[in-house]
There are 2 protein chains.
Amino acid sequence: MSLIVQKFGGSSVADAESIKRVAKRIVDTKKAGNDIVVAVSAMGDSTDELLDLAHQVTPIPAPRELDMLLTAGERISMALLAMAIKSMGYDARSFTGSQAGMITDAQHGAARIVDVTPGRLRDALDEGAIAIVAGFQGFNRDTKDITTLGRGGSDTTAVALAAALGADICEIYTDVDGIFSADPRVVPRAHKLERVSSEEMLELAAAGAKVLYIRAVEYARRHGVTLHVRSSFNNNTGTIVYNPGAISPYAAAVLNGETVEEPIIAGVAADLSEAKVTVVGVPDIPGKAAQIFKIVAKTNANVDMIVQNVSAASTGLTDISFTLPKSEGQQVLTALTNEQQNVGFAGLQYDDQIGKLALVGAGMRTNTGVSAKLFEALFEAGINIEMISTSEIRISVVTRADTINQALRVVHTAFGLDADDEAVVHGGTGR
Amino acid sequence: MSLIVQKFGGSSVADAESIKRVAKRIVDTKKAGNDIVVAVSAMGDSTDELLDLAHQVTPIPAPRELDMLLTAGERISMALLAMAIKSMGYDARSFTGSQAGMITDAQHGAARIVDVTPGRLRDALDEGAIAIVAGFQGFNRDTKDITTLGRGGSDTTAVALAAALGADICEIYTDVDGIFSADPRVVPRAHKLERVSSEEMLELAAAGAKVLYIRAVEYARRHGVTLHVRSSFNNNTGTIVYNPGAISPYAAAVLNGETVEEPIIAGVAADLSEAKVTVVGVPDIPGKAAQIFKIVAKTNANVDMIVQNVSAASTGLTDISFTLPKSEGQQVLTALTNEQQNVGFAGLQYDDQIGKLALVGAGMRTNTGVSAKLFEALFEAGINIEMISTSEIRISVVTRADTINQALRVVHTAFGLDADDEAVVHGGTGR
């Protein structure tokens, strides 16, 4: 008997009909002889509706109370899902984050899991019941208060439960068929990955792939949890996200004995959510970069790529560019402007028409020539590269926003990632 | 410093604007130097909406899961209310039934309170915060499951908190000005009662007065809690529901030193929700009535009044009539029909066009002639009495349903209850 953790997002439980469909799917897995723990999100847009309500009451809701409010969302979906399963003749019990033993720190709205004590879930499983757990929520032992895990919290709940219970696999149900070599809406010949390593998945998620949240992947990597990202609209095998050397026999069986030899390149991702700030005319003397990024750090901005040009010998001045989420642009510009006199730079440029392309593959470690091939493909397509940044298993480049889709396609082709057929993009309501 | 428990029903917190209005009211009471614990219901019709959702998923929702589902309602309203108060600069913390220490038995959907351990509420009060508690919900220690208290549960929550905390008064906010000598929509000259004893209130509630739930009044009576039923739409004094000999100084001050001498008659109430069953041609031999009501009891019907006619000497047969809620009529008729051969009665009559009028007053104990006066008033108005039943402080009569409003008015007048002016009926969205 295997223990399977299944996670269903808001779009999978958007209304009573969807809930019944998900219940049937869970019962089918149970019938196949498995123990099952389910992590479920709030129905459809209900979390946003609760947020709206809070903002009608006050522009800045108290964080403790906001968590109390938002956790009502999963309470509703999990209770409905449990009653749907029970009406099909199978035992099911719903558990809040607190009842399921999701112990977190006290950071309301973005709590981190510090311990998982799933005693009640084990009892339920021992008695043959399906355990339904509220995603996204936890409990702090010191304050005895309810917390939420922040964006992507339900994925994290599922992974944390899988780790604590030693599950054979953690299935993440979504509205697409799995992880693709590129976004199939942009690259029609993108292919679904049979498998992707967790470190590649981390880089893909960081580079804009939306299917999985970084935090859940990090948790899975740290705790050796194998994920199966698959569609809630069909029974196809999706993508296995594995930790080399720690793949479970169950996950290996899903992969159908395929040799787990890593391809050089897993996929390519694009991100249009960033902007570029250029600090112009910075005196090229030691400590100036540190001074600038200290100012930026104080705004809590998430700086991504940084490039410093070679100093022009004639002036002794240089330019420093960095990218960050567009939503954080204004606060950083303001902070830098306030300190312009102290730092002594000439001016600021702001560019929100950039796109970032990231090529990800664990095979880069042992293969040379990957960057050369990337740059050549872009050059041949007439696409100009504005910034470059690399990690061990990723190369990112910044281009103009309006060339990013073409860039994705030519790079996808250049690295031999194109499938023979165009991918079928399944509907779903997005998330 | 006084400790005040305030209860706000669903219509008082139906939307963001109402919640802000209630928050201001609570803050005003806090500013006046009081400690405050609030019990709050779910917003407007949200409990019914959750019930609808459950029935879309399954016709018979599992009781444990239904309680889990419904308790999301107060979670939402209490969190919004707490954030509204916090945004006004006062500390407030919301608590679920479980966090507030509302310990119940394990009867899902109709749990009874077995203990109240309000440690967290006391801590909050000690730290100067306003404690907002979810009405209607509790927690069972053995199963560790969430329970609900059933209809009128939020009133009961408020009273139980007031008892456990030794509050000076428990204010029940509603959409009318208090308890009236009769329903002002039917009897325009009904007057608001300054005070009513808890035993009178119990009889009025049992007789159809809708403002307070019987269970909450029973709890208040048993634990010596003084209630103040008042409007959430104005600052008028409402009605004090007191336990003779146990009225708190705070409540006495609300009554403004009026002599607490009980009037003979507190009020008159009507109930159109009952039907009359007549078992015709019952052999007038010992044990037949017992046999009949044993059959009725097995259906769990709530029999109210019972009348047995004098036997006709010529036939040795008698008729037995009783009233019960219309909703329970069909099951009782079926049960009796199934046993007709065994009991040996001739037939059944069912009449759902009856009205019940109840005259309530603690002064009846020491005043004779009350029934005579009642019967005379009805006779003079040409209203026929079909059944009579009395308790120590109540007389109930059954009449035709279409005469009940007229009956209310003539009895109200006959006992000198008419006010000089017509009552102003305040709006409110009902409940």
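Good morning. Please keep in mind throughout that this is a predicted model.

I begin with the interface. The size of an interface is often given as the accessible area lost when the parts come together. Here the area buried between chain B and chain A is about 3200 Å², and carbon and sulfur atoms give 67% of that area. On the side of chain B, the residues that lose the most area to chain A are B:Val57, B:Arg75 and B:Met83, which together account for 23% of what that side buries. Counted by residues, 40 of chain B are in contact with 40 of chain A.

Next, the polar side of this interface. The rule finds two salt bridges across it. One salt bridge joins the side chains of A:Arg120 and B:Asp145, at 2.9 Å from N to O. There are also 16 residue pairs in polar contact between chain B and chain A.

Which elements of chain B supply at least two residues each of the side that touches chain A? They are the helices α1 (16-31), α2 (46-57) and α3 (63-87), together with the strand β3 (92-95). Of the elements in chain B, α3(B) gives the most to that side, with 17 residues. By class, the side of chain B that touches chain A has 23 nonpolar residues, eight polar and nine charged.

I now turn to a contact inside chain B. Two packed helices are described by the angle between their axes and the distance between the axes. In chain B, the axes of helix α5 (residues 153-165) and helix α7 (residues 214-223) come within 8 Å and cross at roughly 10°. An angle under 35 degrees counts as roughly parallel, and α5(B) and α7(B) are therefore roughly parallel to each other.

From α5(B), the contact is made by B:Asp155, B:Thr156, B:Val159, B:Ala160 and B:Ala163. From α7(B), the residues are B:Arg215, B:Ala216, B:Tyr219, B:Ala220 and B:His223. This contact of α5(B) with α7(B) comprises six nonpolar, two polar and two charged residues.

Thank you for your attention.

Terms used: Residues numbered from 1 in each chain as written. Chains lettered and ligands numbered in written order. Predicted model: local features only at pLDDT ≥ 70, side-chain atom pairs only at ≥ 80, totals over all residues. Heavy atoms only, no water. Contact = heavy atoms within 4.5 Å. Buried area = accessible area lost by both parts, 1.4 Å probe. Salt bridge = Lys/Arg side-chain N within 4 Å of Asp/Glu carboxyl O. Polar contact = N/O pair within 3.5 Å; in protein donor to acceptor, adjacent residues only side chain to side chain. Helix = DSSP H or I, 4+ residues; strand = E, 2+ residues; numbered from the N terminus. Nonpolar A, V, L, I, M, F, W, Y, C, P; charged D, E, K, R; others polar. Axes fitted to C-alpha atoms, helices over the stretch in contact; angles between N-to-C directions. Parallel < 35°, antiparallel > 145°, perpendicular 65-115°, else oblique.
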